[in-house]
Amino acid sequence: AAVAFAPAQMGAEARAEGRRARSQASTLTRILAAEDRLWGALLDGSGERQLAQVLAELTERSWAVYTPAGERIAAATPAEDAAPVPDLAGLGALAHPGVAAVLEDGEAHAETVGPVRELGPHRRLLCAAAGRGEGRRLLVAVEQSRRFGAVDSMVARRAATVFAAQALERGGSGAPSRQSRAAELAALLSGGVEEASLPRFHTVLDLPLDARAMVC
């Protein structure tokens, strides 16, 4: 019996490992596809309202975007009948310690916060923020029909970086064309950015420009 059992157990473990690997690959594909859509929308000239709509459709959740001062600058729902994110500033929810910690953190950060009393029992927030100073952006979704998961958190964090990039662009002098934006990002990836231009990428987007990286 032991001779028969051992190979069967090894086969079951191998199949389980294969399922985990496929699930991880599928998760990574979803995250990268969402990030690609958002960067593509930014390069096409989308503002914060259009980016919020893209994010809502990608995640099938409602989102709101805030400045560090608590100003609500964009909001979007995945469908016309979907409930929007309530005005968190008006409810005082932005002062929640967990929300404030995400907004005030100097790094790109995403965290599930709650339950938040102002929103009712058992309702949590997914908060993500990136950028620095006035260019920092806080993205917020309210847990409604389904629980937040790891994919939601990772997509939110990457999306926050895109919104911070949009804030950096808007804060510059003049509105660069789609070609100039694409060229600037391509130059950054290829190492062709002038040294004098590096501080603004590091300061606003919090990009670790001295870190080793590989792009596939």
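Before anything else, a definition: two strands count as paired if DSSP finds at least two bridges between them. Helices (H or I, at least four residues) and strands (E, at least two) are DSSP runs, numbered from the N terminus. What you see is a predicted model, where local features need pLDDT of at least 70 and side-chain atom pairs count only at pLDDT 80 or more, while totals for chains, interfaces and linings use all residues. Residues are numbered from 1 along each chain as its sequence is written, and side-chain values use heavy atoms, with hydrogens and water left out.

First, the overall layout. The protein has seven helices and five strands. Along the sequence the pattern reads α-α-β-β-α-α-β-β-β-α-α-α. Of its 216 residues, 36% are buried, where buried means under 20% relative accessible area, exposed means over 50%, and partly exposed is in between (1.4 Å probe, protein chains only).

In what order do the five strands lie? The order is 2-1-5-4-3, in an open sheet with antiparallel pairing. Strand 2 and strand 3 (109-113) are the edge strands, each pairing on one side only. From one strand to the next, the twist averages 15°; for angles, axes are lines fitted to C-alpha atoms, for helices over the stretch in contact, and values run from 0 to 180 degrees between N-to-C directions.

Take strand 1, residues 63-66. Strand 1 is joined to strand 5 by three bridges, and the two run antiparallel. With strand 2, strand 1 pairs over four bridges, also in the antiparallel sense.

Is Thr 67 buried or exposed? Thr 67 counts as buried because its relative accessibility is 8%. Leaving out residues up to four places away in sequence, Thr 67 touches Ile 73, Leu 103, Arg 136 and Arg 137; a contact here means heavy atoms within 4.5 Å.

Helix 2 (residues 48-59) lies across strand 1, strand 2 and strand 5 (137-142), at about 35° to strand 2. Helix 4 (residues 97-104) lies across strand 3, strand 4 (125-130) and strand 5, at about 20° to strand 4.

Helix 2 has 12 residues and reaches 16 Å from its first C-alpha to its last, close to the 16 Å expected at 1.5 Å a residue; the expected span is 1.5 Å times one less than the number of residues. Its buried residues are Glu 48, Leu 51, Ala 52, Val 54, Leu 55, Ala 56 and Thr 59. Just after helix 2, Glu 60 takes a positive phi of about 60°.

On to the inside. A nonpolar core, as used here, is a set of buried Ala, Val, Leu, Ile, Met, Phe, Trp, Tyr and Cys residues joined through side-chain atoms within 4.5 Å. Which residues have the most contacts inside the largest core? They are Leu 55, Trp 63, Val 65, Leu 139 and Phe 163, in a core of 32 residues. Helix 1 (2-43), helix 2, strand 1, strand 2, strand 4, strand 5 and helix 5 (150-171) each supply at least two residues of this core. Helix 5 gives the largest share, nine residues. Apart from this core lies another, of 18 residues, among them Ala 64, Val 113, Val 116 and Leu 125.

Trp 63 is worth a look in the viewer. Beyond four places in sequence, its contacts include Leu 55 and Ala 56, Ala 74, Ala 75 and Ala 76, and also Leu 139, Val 140 and Ala 156.

Last, a residue in helix 3 (residues 88-91), Leu 91. With a relative accessibility of 38%, Leu 91 counts as partly exposed. Leu 91 touches Pro 86, Glu 118 and Leu 119, again not counting residues up to four places away in sequence.
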